[in-house]
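Please look through the sequence and the three-dimensional picture before reading on, and keep both at hand while you follow the text.

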Amino acid sequence: MVRPSLPRSERRGSSLRTLLLFVLATTIAAPTLADGIVVPPRDYQGSLEELAQEAIIIFQASDQPGKASEDLILKINVAGDAENFAWVVPFPSKPKIAKEDATLFPEIFKYVESQLYRFRKSKYKSESSGSTRAAANEAESVEVISRQVVGDYDIAVVRENEAGGLNPWLQANGYQTLSDAAETLAFYREKKYVFACIRVRSEVLASQQSVDSHPLRFRFTTAGRDGIYFPMKLTGLQSKPFDVNLYVFHRFWINDKLNRFGYQHRGFRMRYRDWDSPKCVANGGKSYSLPEADPFLMDTAKLLPTTTKLFQKLHPGKKYYLTNIQANDLRPQDVRQWPDDLWLFPYYTDRSMVPFDARPGGPAHDAYPDVTAGP
């Protein structure tokens, strides 16, 4: 694999639209989840849609095709008054799902704000849980790959094998179908993606107790090498504009506008990214699993106790750069016309470098169908 190195460019501050606490506006303290499409119960006639999406992404690139992996921790903001909902999220492969601490999101937000303040004040600007198999009598048009309980949620991971299969499955499980979704579902079906279908457990609703609105972490393989995946197209089935706020941890910087593979061409802008101070090893990354010993993080380590525990649990000893990117008022009809979901790539300093996963046969090639090969 061609190892990307960090560019030398001047960082700029930008205004922030705070995306902190994402609340499901229901008659109960309801769950906060993220991307995909929110599906209300069949008898619900109100509006239940995502207003904002927030995610933490921890990406592990690979030298070998098909071996890259990703931890995707998700939250959403939902408006509506349904007591229950289904949430459908597409993934390139079957994810392992776990509960995470909601403190992660405000904690990383505070860290970013602290670092932005530090940057503005500085004269130096460096540039440098087990699943169970489904019953055999599930409809063949929808393959139920696994079912599990994670906190207050029932989660089924399914794959639509035949056109028109997912909607009857949703209906049979008590939820509205996805209207005008045939083209979008066909896109995922042809790519053999799976859907995580999430709902609040009926026992929790019956108890009339508050729902534990914890984020969910999905670990999955991206089927590639260097492409960072975030599901977007299914959100194009809703009607209202929405915001996206992503905290991306990767060994290197993320391509912003170096060439057409940069995220700015998708309407995202950078809010913040880690840099190398004079005390840092150039292009060395930051130790989020031991921030108090990292020359860049040590002054802000006390802001990151939950984040530190997360990295100690998932990726101890590994180094990352954090990049915070945002997009505001995305129109669903525009997102629906995207040729693929959102794919992010490393900042390869060779501007002619075509990311491996954008090449023919790569999982992100649908986003760049005119790419024929790489250098």
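Residues are numbered from 1 along each chain as its sequence is written, and side-chain values use heavy atoms, with hydrogens and water left out.

We begin with confidence. The protein chain has a mean pLDDT of 81, with 77% of its residues at 70 or more, where pLDDT is the predictor's confidence in each residue, on a scale from 0 to 100. Over residues 1-34 the pLDDT stays under 50, although the model has 128 contacts beyond four places in sequence for them, a contact meaning heavy atoms within 4.5 Å. Where pLDDT is low, the predicted coordinates should not be read in detail.

The protein chain contains 6 helices and 16 strands; these are DSSP runs, numbered from the N terminus, with helices (H or I) of at least four residues and strands (E) of at least two. Of the 375 residues in the chain, 57% are buried, where buried means under 20% relative accessible area, exposed over 50%, and partly exposed in between, with a 1.4 Å probe and protein chains only. The chain exposes about 15600 Å², of which carbon and sulfur atoms supply 48%; accessible areas come from the Shrake-Rupley method with a 1.4 Å probe, and for residues only the protein chains shown count as cover.

Which residues touch the most other members of the largest nonpolar core? They are Phe-218, Phe-230, Met-232 and Phe-268, in a core of 72 residues. Strand S10, residues 194-200, gives the most to this core, with 6 residues. Another core lies apart from it and has 25 residues, including Ile-108, Leu-116, Trp-275 and Leu-322. A nonpolar core is here a set of buried Ala, Val, Leu, Ile, Met, Phe, Trp, Tyr and Cys residues joined through side-chain atoms within 4.5 Å.

Now turn to the aromatic rings. A search of the whole structure finds 20 aromatic pairs, and one of them, Phe-220 with Tyr-229, is edge-to-face, at 6.1 Å centre to centre and 85° between the planes. Rings of Phe, Tyr and Trp (its six-membered ring) pair if their centres lie within 6.5 Å, and planes under 30 degrees apart count as stacked, over 60 as edge-to-face and the rest as tilted. Phe-220 counts as buried because its relative accessibility is 2%, and Tyr-229 is buried with a relative accessible area of 0%. Both belong to one aromatic cluster, whose members include Trp-87, Phe-187, Tyr-188, Phe-218 and Trp-343. Two charges sit over rings as well: Arg-251 lies over the face of Phe-252, 4.9 Å from the ring centre, and the charged end of Arg-266 sits over the ring of Trp-338, 4.7 Å from its centre. For this, NZ of Lys or CZ of Arg must be within 6 Å of the ring centre and within 35 degrees of the ring normal.

Helix H3, residues 182-190, has as its buried residues Thr-184, Leu-185, Ala-186, Phe-187, Tyr-188 and Arg-189. In the loop between helix H2 (166-172) and H3 is Asp-180, which is exposed, with a relative accessible area of 62%, and has a positive phi near 55°. Most residues other than glycine have a negative phi, and most peptide bonds are trans. Leu-178 has its place in the loop between H2 and H3 too, but at 6% relative accessibility Leu-178 counts as buried. Leaving aside neighbours within four places in sequence, Leu-178 is in contact with residues including Ile-37, Leu-166, Leu-185 and Leu-237.

Which part of the chain holds Tyr-247? Tyr-247 is found in strand S13, and it is buried, with a relative accessible area of 1%. Not counting residues up to four places away in sequence, Tyr-247 touches Ile-56, Phe-105, Ile-108 and Leu-322, among others. The C-alpha atoms of Tyr-247 and Gln-326 are separated by 8.9 Å, although the two are 79 residues apart along the chain.

Key: This is a predicted model: local features need pLDDT of at least 70, side-chain atom pairs count only at pLDDT 80 or more; totals for chains, interfaces and linings use all residues.
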